[in-house]
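Hi,

Here is the structure I said I'd pass on. Have a look at it first, and my notes follow below.

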Amino acid sequence: MMITSSEAGRLLGGLSSETLRDYAEKKLVDHERIGIRGRYRFSFDSLRKYAKDNGRFFDENFATELIAKYRTA
C-alpha cells in the first residue's frame, strides 16, 4: 500500500510534503513515482525504516487509520 507525501509527512511527526519529496530525491527514503506527473508515493515499511534509522517519530495510530481508510476505498 502506497501513501501520498502529505500523509507520509504526517506519519513522521508533521514533516511537510516538500520535505518528504526532498528526502526521496536524495534517496534518504524509499519511494515510487506514480503517473504522468511523477507523484511521490511511500510505503509504510519504508517510512518505518526511515523513522527507526533516523530516530524520528512514527505515528502508528495514524498508520492504522490510513490502512483502514484505504481498505474501504
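Which residues touch the most other members of the largest nonpolar core? They are Leu11, Phe42 and Leu47, in a core of 19 residues. By nonpolar core I mean a set of buried Ala, Val, Leu, Ile, Met, Phe, Trp, Tyr and Cys residues joined through side-chain atoms within 4.5 Å. Two or more residues of this core come from each of helix H1 (5-11), helix H2 (17-25), strand S3 (39-43), helix H3 (44-54) and helix H4 (60-72). H3 gives the largest share, 4 residues.

Before I go on, some housekeeping. This is a predicted model, where local features need pLDDT of at least 70 and side-chain atom pairs count only at pLDDT 80 or more, while totals for chains, interfaces and linings use all residues. Residues are numbered from 1 along each chain as its sequence is written, and side-chain values use heavy atoms, with hydrogens and water left out. Helices (H or I, at least four residues) and strands (E, at least two) are DSSP runs, numbered from the N terminus. Buried is under 20% relative accessible area, exposed is over 50%, and partly exposed is in between (1.4 Å probe, protein chains only). Contact is heavy atoms within 4.5 Å.

Back to Leu11. Not counting residues up to four places away in sequence, Leu11 touches Ile3, Phe44, Leu47, Phe57, Phe58, Asp59, Phe62, Ala63 and Leu66.

Now the sheet. It is open, with 3 strands in the order S1-S3-S2 and antiparallel pairing. Strand S1 (2-3) and strand S2 (32-34) stand at the edges with a single partner strand each, so one side of each has no neighbour in the sheet. Strands count as paired if DSSP finds at least two bridges between them; S1 and S3 pair over 2 bridges, and Met2 stands opposite Ser43 in S3. H3 lies across S1 and S3, at about 75° to S3. For that angle, axes are lines fitted to C-alpha atoms, for helices over the stretch in contact, and angles run from 0 to 180 degrees between N-to-C directions.

Just after H3, Gly55 takes a positive phi of about 65°.

What about H2? Ser17, Leu20, Tyr23 and Ala24 are its buried residues. With an arc of only 120° around the axis, they sit on the same side of H2. As a reminder, an α-helix has 3.6 residues a turn, so residues three or four places apart point the same way. H1, S3 and H3 are among the elements that cover the buried residues of H2, and on the other side of H2, Glu18 and Glu25 are exposed.

Ala24 counts as buried because its relative accessibility is 1%. Leaving aside neighbours within four places in sequence, Ala24 is in contact with Val29, His31, Tyr40 and Phe42. Ala24 and Arg41 are 17 residues apart in sequence and 9.5 Å apart in space, C-alpha to C-alpha. Ser17 has a relative accessible area of 16%, so it is buried too.

How many aromatic pairs does a search of the whole structure find? It finds 1. The rings of Tyr23 and Tyr50 have their centres 5.5 Å apart and their planes at 40°, so the pair is tilted. (Rings of Phe, Tyr and Trp, taking its six-membered ring, pair if their centres lie within 6.5 Å; planes under 30 degrees apart are stacked, over 60 edge-to-face and the rest tilted.) This pair links distant parts of the chain, with Tyr23 in helix H2 and Tyr50 in helix H3, 27 residues apart. Tyr23 is buried at a relative accessible area of 19%, and Tyr50 is buried at 9%.

One last residue. Lys27 is in the loop between H2 and S2 and has a positive phi of about 60° although it is not a glycine. Most residues other than glycine have a negative phi. Lys27 counts as exposed, at 69% relative accessibility.

Cheers

Methods
The arc is that of the directions from the helix axis to the C-beta atoms.
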